[in-house]
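Reader: I would like to know what stands behind the words used for a structure like this one. Please show it first.

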Protein chains: 2
Amino acid sequence: MNDKFFTLPKTKQEAIINAGFHVFSQNSYKKSPMSEIADAAGISKSLLFHYFHNKRELYLFLWDRCMEITTKSLEENLSFVPEDLFEMMFKGLKIKADIMRQYPDLGAFVVKSYYEKDPDVCEDIQQLIAKYTNFNKIAFFTSLDSEQFIPGLDLQMMYQTMYWASEGYLWEKVQQGSLTADEMEADFIKIIDFWKKAYTKRGLT
Amino acid sequence: MNDKFFTLPKTKQEAIINAGFHVFSQNSYKKSPMSEIADAAGISKSLLFHYFHNKRELYLFLWDRCMEITTKSLEENLSFVPEDLFEMMFKGLKIKADIMRQYPDLGAFVVKSYYEKDPDVCEDIQQLIAKYTNFNKIAFFTSLDSEQFIPGLDLQMMYQTMYWASEGYLWEKVQQGSLTADEMEADFIKIIDFWKKAYTKRGLT
DNA sequence: TTTGCATTAACCGCTGCGGTTAATTATTAT
DNA sequence: ATAATAATTAACCGCAGCGGTTAATGCAAA
């Protein structure tokens, strides 16, 4: 790729990146036109080809940025890991919200590219994916077998359903196209509070 | 459309329908080629155009079938509505599983077409959607303010998170492409059992 | 063998794609 | 002011793939 891309003002760089995330997350690789990305970024197609020599290069670059963005965010925010599961969960979702604030379609892009079949990029992605063990699993680092939960509760199932619920929530909001990170954070405070009350000993009454 | 379609053996009819659901659920309306649908159905493009005069017609027909399939399934399975919320929830998910068994991509097709923006079909879909108040809301018909739940529990939040979790579960499985209805049913038994234990008075201990 | 139907191959005009080239605009140096 | 240089785009190219049509096949019944 052309290094001049990095001399661009950060806002323009991110406009292009987000445009890429958006288009590639909505369509398959093959059916994601460079022209559409350029339009979404507010530049001409020619200029986009000036920075990235071809579509493949842009796509792979975007994937690389994904990893960079998320790992960096994790490093910054998980310098210390909360003991409490709910704290942990909330922190994880907050990180996700923060990323989403800046890169609204990054999450969808990751998922889409994860299942991309196009032979032009498929192998490269699969190769890079190995490193990208995402932060959904961080909760496992936290101790689960604590005294705080109501006795007899299936803790693994508890975590599983909580995870599914947050995914379902996100999916609903994304589909509606109305996911602001602020709203998300506010909702998750309520949701996690509900779980805490329902699942821990001193939660209710 | 050409009525000869209905004289086809049911298996072939459903092959075409499922092919349509599949392609239209993976791509936007505009980027869903008829040729791809024909291939997936195992027939030639010409023959597909013989049964459906144009793409729009096929698309609208598929939407119509969606409504038909789901409403019919609801009528058959909800002749009586269980009082218990968890029974209700399980029954709803079982219905969804049954449909998915026969039409694996129906659900995804509905969602995709719900948010379809193409002016060729957008208005028609939006018009038809009004009637299609889906069965996710049926749980509301069941009495929630029962004595069975542990006191102080936010029942609306409980239902909401349960709903999100089932959506998240389904999404995960669909993305993995590994959604067998049997596995799904077995999982839901376990999941709902967990909720029942956690949320009702006589659940644990 | 012929009729009639199911099915497809081949085709058509056109759009939109990835990518290039030449021209235009904006910026800087002199 | 002007020349030189860089940023940006309009116009273009060859081609693939689209929706849809037409003419040709295969094939069973009469």
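Author: The model is predicted. Around DNA strand D there are 15 residues, and S44(A), S46(A), P33(B), M34(B) and N54(B) come nearest. The elements giving two or more residues to the surface near DNA strand D are α4 of chain A, and α3 (34-41) and α4 of chain B.

Reader: What makes a residue count as near a strand?

Author: Its C-beta atom, placed from the backbone, must lie within 6 Å of the strand. S44(A) is among the 15 residues around DNA strand D, so its C-beta atom meets that cut-off.

Reader: Which residues are closest to DNA strand C?

Author: P33(A), M34(A), N54(A), S44(B) and S46(B) are the closest of the 15 residues that surround DNA strand C. At least two residues each come from α3 (34-41) and α4 (45-51) of chain A and from α4 (45-51) of chain B.

Reader: How many residues of each class does the surface near DNA strand C have?

Author: That surface has 5 nonpolar, 6 polar and 4 charged residues. P33(A) and M34(A) are among the closest residues; Pro and Met count as nonpolar, so these two belong to that class.

Reader: How many residues does each chain bring to the contact between chains A and B?

Author: Chain A brings 25 residues and chain B brings 25 residues. On the side of chain A that touches chain B, α9(A) gives the most, with 10 residues. The residues of that side divide into 15 nonpolar, 6 polar and 4 charged.

Definitions and conventions:
Residues numbered from 1 in each chain as written. Chains lettered and ligands numbered in written order. Predicted model: local features only at pLDDT ≥ 70, side-chain atom pairs only at ≥ 80, totals over all residues. Helix = DSSP H or I, 4+ residues; strand = E, 2+ residues; numbered from the N terminus. Contact = placed C-beta atoms within 7 Å.
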